[in-house]
Amino acid sequence: MTTFTSFAPTLKFLAEIEKNNNRDWFQANKDRYQNEYLPSIQNFIEAIGARLKEISSGLNADPRVSGGSMMRIYRDVRFSKDKTPYKNHLGVTFWEGASKKMEAPGYHFHMDKSSGGIWGGQHFFPKDILPKFRTSIDDNNFGPQF
């Protein structure tokens with residue numbers, strides 16, 4: 001099992017990127033991103049993922065940088081008023097089962113320089129399940145009857 005020791009490299013990098021949120025700074029610090037920031041998060045994903053599997057054996061904790069549990073550092077600025085290119089927070093998702101991670105129930109971990117938390121739920125519902133979920137809420141069952 002992977003040993004997770006600290007978020008210190010992650011928090012330091014996030015604090016610095018908040019002050020220097022531009023491509024030139026990121027390119028100059030890309031080695032730190034790849035050699036300090038990413039390994040710290042990957043170790044966290046592997047370590048906490050092993051513990052979460054004790055709660056739910058079907059939980060996915062994928063340490064891959066792209067397509068895994070870690071949310072990308074690059075912001076989607078297309079529809080945002082904030083055009084800074086990089087996120088100054090960490091997001092990690094652990095999802096249940098074989099569904100796509102954003103269509104499956106699971107846990108989301110968020111951390112920035114001043115706060116953090118873990119939430120459970122489902123980001124959005126697949127088209128075939130959404131009407132059933134809405135009906136269950138409308139019928140005051142407050143729980144999907146799949």
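# Reading a predicted model

Me: What percentage of the contacts in the protein with a separation of 6 or more comes from residues 24 or more positions apart?
Reply: This is a predicted model, in which local features need pLDDT of at least 70 and side-chain atom pairs count only at pLDDT 80 or more, while totals for chains, interfaces and linings use all residues. Residues are numbered from 1 along each chain as its sequence is written, and side-chain values use heavy atoms, with hydrogens and water left out. A contact means heavy atoms within 4.5 Å. Of the contacts in the protein with a separation of 6 or more, the part that joins residues 24 or more positions apart is 48%.

Me: What percentage of the 146 residues in the protein is buried?
Reply: A residue is buried under 20% relative accessible area, exposed over 50%, and partly exposed in between, as judged with a 1.4 Å probe on protein chains only. The C-alpha trace of the protein spans about 55 × 40 × 25 Å along its principal axes. Of the 146 residues in the protein, the buried part is 30%.

Me: At which residue does helix 3 have a kink of about 30°?
Reply: Helix 3, residues 30-55, has 26 residues and reaches 36 Å from its first C-alpha to its last, which is close to the expected 38 Å. That expected span is 1.5 Å times one less than the number of residues. A bend at a residue is the angle between axes fitted to the seven residues ending there and the seven starting there. In helix 3 the kink of about 30° lies shortly before the proline Pro39, at Leu38.

Me: Against which helices and strands do the buried residues of helix 3 pack?
Reply: The buried residues of helix 3 include Tyr33, Leu38, Ser40, Phe44 and Leu52. Together, the buried residues of this helix pack against helix 1 (8-19), helix 2 (23-28), strand 1 (59-60), strand 2 (90-96) and strand 3 (105-111).

Me: Is Ser40 buried or exposed?
Reply: Ser40 is found in helix 3, and its C-alpha atom is separated by 6.7 Å from that of Thr10, 30 residues apart along the chain. Not counting residues up to four places away in sequence, Ser40 touches Phe4, Ser6, Phe7, Pro9 and Thr10. Because its relative accessibility is 6%, Ser40 counts as buried.

Me: Which residues does Glu16 contact, leaving aside its neighbours within four places in sequence?
Reply: Glu16 has its place in helix 1, and its relative accessibility of 23% is why it counts as partly exposed. The C-alpha atoms of Glu16 and Asn88, 72 residues apart along the chain, are separated by 8.7 Å. Leaving aside neighbours within four places in sequence, the contacts of Glu16 are Trp25 and Arg32.

Me: How many Å apart in space are Ile129 and Ser57, C-alpha to C-alpha?
Reply: Ile129 lies in the loop between strand 4 and helix 4 (130-138), and with a relative accessible area of 25% it is partly exposed. Ile129 and Ser57 are 72 residues apart in sequence, and their C-alpha distance in space is 23 Å.

Me: Which residues are closest to the centre of the largest pocket?
Reply: On a 1 Å grid over the protein atoms alone, a pocket is an open set of points with protein on both sides within 12 Å along at least five of seven lines, a cavity is a set where a 1.4 Å probe fits but cannot get out, and lining residues have an atom within 4 Å of a point. Grid points are joined across faces, edges and corners, and a volume is the space filled by probe spheres set on the points. The largest pocket holds about 280 Å³ of space. Of the 13 residues that line it, the closest to its centre are Val65, Ser66, Met70, Met71 and Arg72.

Me: Which residues line the largest cavity?
Reply: The count comes to 1 cavity of 30 Å³ or more, and about 40 Å³ of space lies in the largest cavity. The lining residues of this cavity are Tyr37, Met71, Arg72, Ile73, Lys87, His89, Leu90 and Gly91.

Note on methods: Helix = DSSP H or I, 4+ residues; strand = E, 2+ residues; numbered from the N terminus.
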